[in-house]
Amino acid sequence: MNDSLNIDTETNWELAAFVGENRAYYLEKWESLKNGSVLSFNFYAFLFGIAWLLYRKMYREAGILFAIILVESEVTFNLVGDNGAVDIAIRIFYSLAIGFTANYFYLKHAEREIQKLNEQFQDPTALKELIIKKGGTSWISVIVGIAIIVGLSLLLAYLLGDLNF
């Protein structure tokens with residue numbers, strides 16, 4: 001698979017197996033992206049942000065977003081101080097950005113993971129099982145990921161002097 005959207009009948013079974021539940025929703029959204037739609041809104045990604053990324057096993061994307069939010073929060077705090085209106089506006093922006101780009105990034109994530117598995121395994125039965133295992137969802141990832149985020153946030157707040165124990 002290449003960098004362009006690639007949803008044809010040959011790869012539909014792989015993408016469907018990777019997604020697991022809600023595969024019809026994602027295949028439909030991805031097909032509209034393939035047909036020229038620039039954006040596709042995902043309400044759950046909008047509402048839950050990083051937790052949605054973790055639920056869909058998009059760990060790299062969740063880590064990048066968390067790092068961006070950490071840096072942005074520190075810069076914003078240093079520039080405008082503790083301003084609730086600015087914080088709310090920025091959070092709304094993040095939510096909208098995640099909501100409108102989540103389906104695209106989930107497709108890219110699925111294609112990347114499927115391509116890695118296709119390069120490593122030739123047996124179709126084993127490949128399908130591995131695609132199912134690699135994809136899908138994980139509540140444990142959400143719980144562990146949020147615990148890590150809270151822990152790192154507290155540690156950074158302490159190290160930056162924003163929190164005193």
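Contact here means that heavy atoms lie within 4.5 Å. By that rule, and leaving aside neighbours within four places in sequence, G49 is in contact with Y44 and I98. The model is predicted. Its chain has 8 helices and 0 strands, and buried residues make up 33% of its 165 residues.

**Overall build**

- Read along the sequence, the chain follows the pattern α-α-α-α-α-α-α-α.
- Taken along the principal axes, the C-alpha atoms fill a box of roughly 55 × 35 × 25 Å.
- Among contacts with a separation of 6 or more, 70% are between residues 24 or more positions apart.
- The accessible surface of the chain comes to about 10100 Å², and carbon and sulfur atoms hold 65% of that area.
- There are 13 positive and 18 negative side chains in the chain, and the centres of these two sets lie 4 Å apart.

**The nonpolar core**

- In soluble globular proteins, nonpolar side chains tend to be buried together.
- In this chain, the largest nonpolar core has 33 residues.
- The residues with the most contacts inside that core are L15, W30, I50, W52, Y106 and I131.
- At least two core residues come from each of α1 (9–19), α2 (23–34), α4 (50–55), α5 (59–80), α6 (84–120), α7 (124–134) and α8 (139–159).
- Helix α6 gives the most to this core, with 9 residues.

**Aromatic rings**

- A pair of aromatic rings is described by the distance of the centres and the angle of the planes.
- The structure holds 14 aromatic pairs.
- The ring centres of Y26 and Y106 are 5.0 Å apart and the planes stand at 75 degrees; angles over 60 count as edge-to-face, so this pair is edge-to-face.
- This pair links distant parts of the chain, with Y26 in helix α2 and Y106 in helix α6, 80 residues apart.
- Y26 and Y106 are both buried.
- F93 and Y94 form a tilted aromatic pair, with 6.1 Å from centre to centre and 55 degrees between the planes.

- E113 is found in helix α6.
- E113 has a relative accessible area of 9%, and because buried means under 20%, this residue is buried.
- Leaving aside neighbours within four places in sequence, E113 is in contact with F18 and K134.
- Y104 is also found in helix α6, and at 33% relative accessibility Y104 counts as partly exposed.
- Y104 and Y26 are 78 residues apart in sequence, and their C-alpha atoms are 9.8 Å apart in space.

**Loops between helices**

- Most residues other than glycine have a negative phi.
- N22 is not a glycine, yet N22 has a positive phi of about 70 degrees; this residue lies in the loop between α1 and α2.
- K57 is another residue other than glycine with a positive phi, near 60 degrees.
- K57 is placed in the loop between α4 and α5, and K57 is buried, with a relative accessible area of 17%.
- G49 sits in the loop between α3 (43–48) and α4, and at 9% relative accessibility G49 counts as buried.
- G49 and A62 are 13 residues apart in sequence and 8.5 Å apart in space, C-alpha to C-alpha.

How values were computed: Residues numbered from 1 in each chain as written. Heavy atoms only, no water. Core = buried A, V, L, I, M, F, W, Y, C linked by side-chain atoms within 4.5 Å. Buried < 20%, exposed > 50% of the residue type's maximum accessible area, 1.4 Å probe, protein only. Helix = DSSP H or I, 4+ residues; strand = E, 2+ residues; numbered from the N terminus. Phe/Tyr/Trp six-rings, centres within 6.5 Å; stacked < 30°, edge-to-face > 60°. Areas by Shrake-Rupley, 256 points an atom, 1.4 Å probe, with all protein chains shown as cover. Lys, Arg positive; Asp, Glu negative; His and termini not counted. Charge placed at Lys NZ, Arg CZ, Asp CG, Glu CD.
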